[in-house]
Amino acid sequence: MKQTVILRDIYAADLFTRSRASELRTSINVAANEVELDFNNISFMSRSFADELCNIMDEMSHINFSFINMCDEIKTMLNKVQNSRRQERKRGVANAKIIKFDDIESLSEYFITMV
């Protein structure tokens, strides 16, 4: 069974936030074997929305997802997120010094020395 989800029927023209993306789960029929997401009249998708969309597709891996009417900016964002998810995460500082404080006053004093 194929299902088409018209995103503009659910969202405004801009797709923001991970929590808004997670709402898409309720619009997807889990019995479907193919879901087509229609991006007609959608002009922006945030990185967090795209990442959560990837999470949804991973969770529902039994479904073949496809996209239609996707503008170039949204294609680029989704591609960047999908590519970054395939790469190993790199931590900027592996040997950062950890300083512990007994109370807020000692923390404040430490911050004063940084100025």
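Reader: With which side chain does the side chain of Glu-36 make a polar contact?

Author: This is a predicted model, in which local features need pLDDT of at least 70, side-chain atom pairs count only at pLDDT 80 or more, and totals for chains, interfaces and linings use all residues. Residues are numbered from 1 along each chain as its sequence is written, and side-chain values use heavy atoms, with hydrogens and water left out. A polar contact is a pair of N or O atoms within 3.5 Å; within protein, one must be able to donate a hydrogen and the other to accept it, and residues adjacent in sequence count only if both atoms are side-chain atoms. At 3.0 Å, the partner of Glu-36 is the side chain of Thr-4.

Reader: Is Glu-36 buried or exposed?

Author: Buried means under 20% relative accessible area, exposed over 50%, and partly exposed in between (1.4 Å probe, protein chains only). Because its relative accessibility is 14%, Glu-36 counts as buried.

Reader: Which residues is Glu-36 in contact with, leaving aside its neighbours within four places in sequence?

Author: Contact means heavy atoms within 4.5 Å. Glu-36 has its place in strand β3, residues 34–38. With those neighbours left aside, Glu-36 is in contact with Lys-2, Gln-3, Thr-4, Val-5, Ser-66 and Ile-68.

Reader: What pattern does the chain follow along the sequence?

Author: Helices (H or I, at least four residues) and strands (E, at least two) are DSSP runs, numbered from the N terminus. The chain holds four helices and five strands. Read along the sequence, their pattern is β-β-α-β-β-α-β-α-α.
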